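Please read this briefing alongside the sequence and the model.

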Amino acid sequence: MTARILDGKRIANELLDQIAGRVAARQEQGLRTPGLAVILVGSDPASAVYVRNKRRACDQVGFNSFGFDLPAETPQDELFALIDRLNADPDVHGILVQSPLPPHIDEDALVDRIDPSKDVDGFQAINIGRLALRRFGLRPCTPKGVMTLLGHTDQPVRGKHAVIVGVSNHVGRPLGLELLIAGATTTSCHRFTPDLEAHVRRADIVVVAVGKPGLVKGEWIKPGAVVVDVGINRLDDGRLVGDVEFETAAERAGWITPVPGGVGPMTVATLIENTLEAAEMADAG
């Protein structure tokens with residue numbers, strides 16, 4: 001068996017094209033153009049690339065993009081004041097603070113300062129709580145993007161056994177909630193899980209989000225399983241790889257995401273989708 005490629009770049013571009021059409025329709029109706037504010041603190045090179053991709057996506061769909069590139073020594077109080085101004089600005093529908101932040105910044109406090117209706121990353125405790133209770137709210141981007149990818153396979157999620165490797169607050173934990181809501185029997189594995197191989201071998205859906213290259217061996221994959229690799233790691237030779245041994249996994253899986261070009265583009269497209277949803281919520285009052 002050779003896996004079909006779950007092409008996140010293509011699916012993300014299709015989603016962005018749909019959003020662009022909805023933005024144009026809003027403008028024809030005289031509604032506000034969605035606006036996304038992205039805050040970058042410091043000069044981390046990877047963060048700069050991520051922010052550039054997000055701003056490029058804003059341009060692609062016709063959003064207003066508000067950029068705030070601040071020095072690493074920016075005091076926390078100044079960041080809080082900026083968040084307060086953006087919360088009050090009706091032209092800003094989404095606020096994103098790029099991680100990681102300098103050590104003197106309390107990231108949890110900063111994220112919780114964002115109005116939940118503008119928390120387009122979906123990281124705030126209120127929005128995670130809404131997800132847990134199956135209430136409407138802005139959902140974390142990467143898990144929501146993974147669910148969109150799963151919807152583009154020919155395999156249902158309902159009734160399947162899903163194994164998540166990695167339980168971070170931004171991916172693994174909220175993804176477990178997403179999969180439960182979708183009807184999967186869900187197992188979350190972490191560094192204290194004994195016999196990771198046994199769990200992965202039983203999975204119809206495997207999602208790996210750890211940040212450790214080759215953590216999940218290709219021969220562990222159940223024939224026909226759907227494999228979503230959230231990890232992205234740069235090797236010493238410059239290559240980007242995921243957390244799953246791609247070549248051997250692709251010989252067994254039914255569907256598999258590439259790295260790069262799988263989950264990453266979906267995270268950006270989902271951020272844009274969340275911002276449009278936030279604008280639509282603002283319209284509704």
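Is Asn233 buried or exposed? In this predicted model, Asn233 has a relative accessible area of 9%. Buried means under 20%, so Asn233 is buried. The points below give its surroundings and then turn to other parts of the chain.

**Asn233 and its surroundings**
- Asn233 belongs to strand E9, which covers residues 233-234.
- A polar atom of the Asn233 side chain lies 3.2 Å from the backbone oxygen of Gly242.
- Leaving aside neighbours within four places in sequence, Asn233 is in contact with Gly211, Lys212 and Pro213, and also with Arg239, Leu240, Val241, Gly242 and Asp243.

**Helix H10**
- Helix H10 spans residues 263-284, a run of 22 residues.
- From first C-alpha to last, H10 reaches 31 Å, close to the 32 Å expected at 1.5 Å a residue.
- Gly285 follows H10 and has a positive phi, near 80°.

**Nonpolar cores**
- The largest nonpolar core has 45 residues, and Leu150, Leu179 and Ile272 have the most contacts inside it.
- H10 gives the most to this core, with eight residues.
- This core lies between domain 1 (30-115) and domain 2 (141-263), because both give residues to it.
- Leaving aside neighbours within four places in sequence, Leu179 is in contact with Met147, Leu150, Val157, Ala162, Ile164, Ala184 and Thr186.
- A second, separate core has 20 residues, among them Leu196, Val200, Val244 and Ile256.
- In soluble globular proteins, nonpolar side chains tend to be buried together.

Note on methods:
Residues numbered from 1 in each chain as written. Predicted model: local features only at pLDDT ≥ 70, side-chain atom pairs only at ≥ 80, totals over all residues. Heavy atoms only, no water. Helix = DSSP H or I, 4+ residues; strand = E, 2+ residues; numbered from the N terminus. Expected span 1.5 Å × (residues − 1). Core = buried A, V, L, I, M, F, W, Y, C linked by side-chain atoms within 4.5 Å. Buried < 20%, exposed > 50% of the residue type's maximum accessible area, 1.4 Å probe, protein only. Domains from an automatic or database assignment. Contact = heavy atoms within 4.5 Å. Polar contact = N/O pair within 3.5 Å; in protein donor to acceptor, adjacent residues only side chain to side chain.
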